[in-house]
Amino acid sequence: MAATHDNPGEDLTGKARLKSNVLWSWGAQLVFVASGFVMPRMIDASVGQAALGVWDFCWSIVSYLGLANFGFGSSVNRYVATYRAAGELDNLSRAVSSVAVIQAGVGTLMLITSLVLAWGVPGWFQDRLGTHADTTRLVVGFLGASIAVQLCFDAFRGVITGCHRWDLHNGVQAGTHAMTTIGMLAALLLGGNLGSLAIVYFTCALCGELVRMTLALRVCPGLKIRPRNASWAFARQMATFGSKSLVLGLPPLLVTQSVSVALAAHLGPAKLAILSRPLGLVRQLETFLNKFNYVLAPMVGSLHQAAQHEERRKLFIESARWSVALALPPTLMLAILGDAFLDLWMGPNYLAPGLMATMAGGMFLASSQGPAAQVLTGMNRHGRIAIVNIVLVLLVLVSGTILFGEIGWTLHRAALLIIASLVPPYGVLLPIYACRRLQVPLSLYLRRIFLAPLLCGIPLAAVLWTLRVYFRGEPFLILASGGLVGGLLTCGLYWNYVMTQNQRTQVLQLLRINRVPAVEGKQAT
């Protein structure tokens, strides 16, 4: 007989924690953003542009090891939420134990694989790596070992987030990353090289996973992870769900890393360092949006278990609307002011005119449609579209790689290949399929999520372009004026035309303002 939940009064859908979970996620992401700005600049200043490209190249290689997760992390996330909502704690323990046993074995295998890669990669790319070959061996080995450790402990991530405790999950991530950044900065200041950075990264990753395991067992007291609780029946169920999640989430990693490796192989690590900076900024934006999106899958899983179909539809439309609204201003900032930012941040050696605008503008549609993937995942209806997406992505990626191998690679061609591979499946097909599964008219979806944000984006784009032209040649003034004026303009427009009356009231209550202004702005369309 399934065990019942210890606290029947607890909100098991996660709706009560939605706002706090998103705020915790965004707050933690600021640590990653700060590190993402500081570390590349410090590596460039300490060991040079070519070494920074080698660091990016090593990450492109070892990131493939993460595919061995087989999507189990998302399966734990979803099934912990659904089994807790149903009060089936016995099944919860069996499911998590099954995944934990499998991932321990997979993590061990990936550790061995990372050692093989560390031995082989420097020889395979000797012509491009040159004097960095020995350093590459050390970096690939320790970064690969870090991925292996994370795979071994990945089930505990799913337990924490499946309990809707994104505050703890993101707190551990932010704390670990802050510790890693401080350690890496200290290593550079003491004269260390890329190998020293990789060792610091591995040590901090191991400590972070041990902390995460301890917290997971505390937030889910009914959970018992034991090898004897592992079941092949549960393992197959989790693997089936996880494989669909893996296929759905695989293309972005596959495309960006494959293009990065190809560019480094043809043009060298220094060119990859130039591409990686605007690509990194766009991925920071995507991560910022995903911190909002990822809380949706376990919520939808709980609502799906409770057959609250109308609540699911409302959550889908509202989350998609805010995903577009949140993506648009930073996209315009990067597209219009991005070159000034790169000049001020990394220096003129990292500038490729138009590259930042191409990456930011081209990826907007794919970046802003994340809620569709998470809602489908929560409903366990993401298998078919995942297969269609990966087939389409592979066709474009392989065709583009062959074409550019013949006519030659450039930075802009690499960026266009990434965009052409990812935008049609994730920016177009995925939301259309989600609307069909949730019985949401496509015309209603497009009108509700795009109309108000895009209308607000027109004056914002005009102001940012005017400031760029007026302060031409002065990157600091461009960014300072663009950030201040653009931020104020966006807040005013969104307050009046994007936020609903209820959302404005909640913001005022959050700011401890008791009296709502008598004149309210126009409601969102």
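## Notebook: cavities, pocket, salt bridges and patch

I began with the second largest cavity, which has a volume of about 40 Å³. The structure is a predicted model, in which I took local features at pLDDT of at least 70 and side-chain atom pairs at pLDDT 80 or more, while totals for chains, interfaces and linings use all residues. Residues are numbered from 1 along each chain as its sequence is written, and side-chain values use heavy atoms, with hydrogens and water left out.

I worked on a 1 Å grid over the protein atoms alone, where a cavity is a set of points at which a 1.4 Å probe fits but cannot get out, a pocket is an open set with protein on both sides within 12 Å along at least five of seven lines, and lining residues have an atom within 4 Å of a point. Grid points are joined across faces, edges and corners, and a volume is the space filled by probe spheres set on the points. I counted 2 cavities of 30 Å³ or more by this rule. For the second largest cavity I listed the lining as L328, P329, P453, C456, G457, L460, T490, L493 and Y494. The elements that supply two or more of its lining residues are α13, α19 and α20, where helices are DSSP runs of H or I with at least four residues, strands are runs of E with at least two, and both are numbered from the N terminus. I noted that α19 gives the most to this lining, with 4 residues.

I then looked up the second largest pocket, for which the volume comes to about 740 Å³. Its lining holds 25 residues, and those closest to the centre are F37, L285, P330, M333 and L334. Two or more lining residues come from each of α1 (18-47), α11 (269-293), α13 (309-346) and α20 (475-497). I recorded α13 as the source of the largest share of this pocket's lining, 9 residues.

I classed residues as buried under 20% relative accessible area, exposed over 50% and partly exposed in between, with a 1.4 Å probe and protein chains only. On that scale E209 is buried at 3%, and R157 is buried as well, with a relative accessible area of 16%. I also noted that D154, R157, E209 and R212 are linked in a network of salt bridges.

Because they are 3 residues apart in α13, about one helical turn separates them. I read E310 as partly exposed at 42% and R313 as partly exposed at 22%. E318 and R321 form another salt bridge, with closest N and O atoms 3.5 Å apart, and they too lie in α13, 3 residues or about one turn apart. Here E318 is partly exposed at 23%, whereas R321 is buried at 1%.

I found a nonpolar surface patch of about 430 Å², made by V388, V428, L429, I432, L442 and L446. For such a patch, residues need over 30% relative accessible area and no salt bridge, and nonpolar side chains (Val, Leu, Ile, Met, Phe, Trp, Tyr) are joined within 5 Å, whereas like charges are joined within 9 Å. Both α18 (411-437) and α19 (442-470) supply at least two of the patch residues, and α18 gives the most, with 3. I432 belongs to helix α18 and is partly exposed, with a relative accessible area of 40%.

I placed S93 in helix α4 (residues 89-124), and its 7% relative accessibility makes it buried. Leaving aside residues up to four places away in sequence, I listed its contacts (heavy atoms within 4.5 Å) as G222, L223, K224 and N229.

Terms used
Areas by Shrake-Rupley, 256 points an atom, 1.4 Å probe, with all protein chains shown as cover. Salt bridge = Lys/Arg side-chain N within 4 Å of Asp/Glu carboxyl O.
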